[in-house]
Amino acid sequence: MNVLVTRHDKIGDFITILPLLKILKYNTNNRVIVLVSKINYDLACSINYIDDVILYSDSLYKNIIEIKNKKIDVSISCFIDTKLGMTLFLSHIKTRISPATKLAQILFNKTIKQKRSKVEKTEWEYNIDLLKVLKPDINCAFERPLLSFQSDEIKIEPRTIAFHPGFGGSSEGNLKLDDYLKLAKFIAKKENVKVIFTFGPDDADSKQYIENNIDFTAELIASKKSLVDFCILISSCDVFVSTSTGPMHLAGALNIKTLSFFGNTLFASSKRWATISDKEKQANFEVPINYDEDFYLKVEKRLHTIVSEYK
């Protein structure tokens, strides 16, 4: 069958469907097609367990034509809204699977109740449950990393720690920029490692602040290229330190060590949004709104422990 998996929102959200896609590709004989937003299109095209990629358009008509041309037998939608539901319904896909959430569920004919707000599992595990609607007895084991990139053009020195202090307004929990500087300076001097700061397109203010206040040697890199280029950049780093947004999920999909900050609520916590990396490679902190010096010192100690393991 031709199976279409849809996740047409942000970077981190797309990364959470990668286990589903890999399981679907290697544990069935189906052809795997994805429908994604523009920001994730090039990355999706680079993944070897995805057979085809459809770019989600603002035009309902264009989406329907694209989907009909792929002769889709089944769709699995991990995030739904009315426009997506109408698109798949009018594309005459015989089996349309989705969570039983929102009014849009009436446009799907196979649904599963998922109270994701209860946070009984991670986002990527909820997504795998949707695949079980199609094939209840499927083997859900998968190998990590979910992403793998190599390039001779970008060379990262051994024992390099990447800090991504920006958050683009989409994360509830994060360290203050001054504490990112303090943490990076501490580990650079304590362990004699190279420090890089990375910034996304929406992190101009964070980058300017770091530039104006840094007083130790570090490389500042503004990511102006594709997500694939960003993955290549960080894939050779030993640790990726950030809040819980798309870049963290990319690092997790690459299965590198992460030290990550989450909101101090159940919905925004690591229990829901933890990376897909091996658990022993995750150091997750729920950040209180007005955290104190003791909390910062716990983070500092944990990073020191992680980095010292590379000696």
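Helices here are DSSP runs of H or I with at least four residues, strands are runs of E with at least two, and both are numbered from the N terminus. I am working from a predicted model, and these are my notes on it.

**Entry 1: the sheet**

I started with strand order. Six strands make an open sheet, and I read them off as β3-β2-β1-β4-β5-β6, with parallel pairing. Which strands stand at the edges? They are β3 and β6 (110-112); each has a single partner strand, so one side of each lacks a neighbour in the sheet.

Next I went through two of the pairings. β1 (residues 2-7) runs parallel to β2 and is joined to it by six bridges. One pair I noted there is Asn2 with Arg31, its bridge partner in β2. On to the next pairing: β2 (residues 31-36) and β3 (residues 52-55) are also parallel, linked by four bridges. Here I found Val34 opposite Val53 of β3.

**Entry 2: the crossover and α3**

How does the chain get from β2 to β3? It goes through helix α3 (residues 38-45), and I logged this β-α-β crossover as right-handed. α3 packs on the sheet, where it touches β2 and β3, and its direction makes about 170 degrees with that of β3.

Inside α3 I picked out Asn40. Is Asn40 buried or exposed? Its relative accessible area is 0%, so I put Asn40 down as buried. Leaving aside residues up to four places away in sequence, Asn40 touches Asp9, Lys10, Ile11, Phe14 and Leu227.

**Entry 3: α2**

I then checked how well helix α2 (residues 18-26) is covered, and it mostly is, with seven of its nine residues buried. My list of buried residues in α2 reads Leu18, Pro19, Leu20, Leu21, Lys22, Ile23 and Leu24. So a lysine made the list too, as Lys22, with under 20% relative accessible area being the cut-off for buried. What covers the buried residues of α2? The cover includes strands β1, β2 and β4 (74-77), along with helices α1 (11-15), α6 (123-134) and α10 (246-253).

**Entry 4: α7 against α12**

For a helix pair I took α7 (residues 177-191) and α12 (residues 293-308). Their axes are 10 Å apart, and they pack at an angle of about 35 degrees. I have the crossing down as right-handed. From α7 the contact uses Asp179, Lys182, Leu183, Phe186, Ile187, Lys190 and Glu191; these meet Glu293, Tyr296, Val299, Glu300, Leu303, His304, Val307 and Ser308 of α12. Sorted by class, the contact of α7 with α12 has seven nonpolar, two polar and six charged residues.

I found a cis bond from Arg144 to Pro145, with omega near 5 degrees. Pro145 sits in the loop between α6 and β7 (160-164).

Lys71 has phi near 55 degrees and belongs to the loop between α4 (60-69) and β4. Lys71 counts as exposed because its relative accessibility is 63%, and the cut-off is over 50%. Asn255 has phi near 65 degrees and lies in the loop between α10 and β11 (257-263). With a relative accessible area of 9%, Asn255 goes down as buried.

Technical notes:
Residues are numbered from 1 along each chain as its sequence is written. This is a predicted model: local features need pLDDT of at least 70, side-chain atom pairs count only at pLDDT 80 or more; totals for chains, interfaces and linings use all residues. Side-chain values use heavy atoms; hydrogens and water are left out. Two strands pair if DSSP finds at least two bridges between them. A crossover is right-handed if, with the strands pointing away from the viewer, the path from the first strand over the helix to the second runs clockwise. Buried means under 20% relative accessible area, exposed over 50%, partly exposed in between (1.4 Å probe, protein chains only). Contact means heavy atoms within 4.5 Å. Axes are lines fitted to C-alpha atoms, for helices over the stretch in contact, and angles run from 0 to 180 degrees between N-to-C directions. A crossing is left-handed if the near helix is turned anticlockwise from the far one by less than a right angle, and right-handed if clockwise. Ala, Val, Leu, Ile, Met, Phe, Trp, Tyr, Cys and Pro count as nonpolar, Asp, Glu, Lys and Arg as charged, and the others, Gly among them, as polar.
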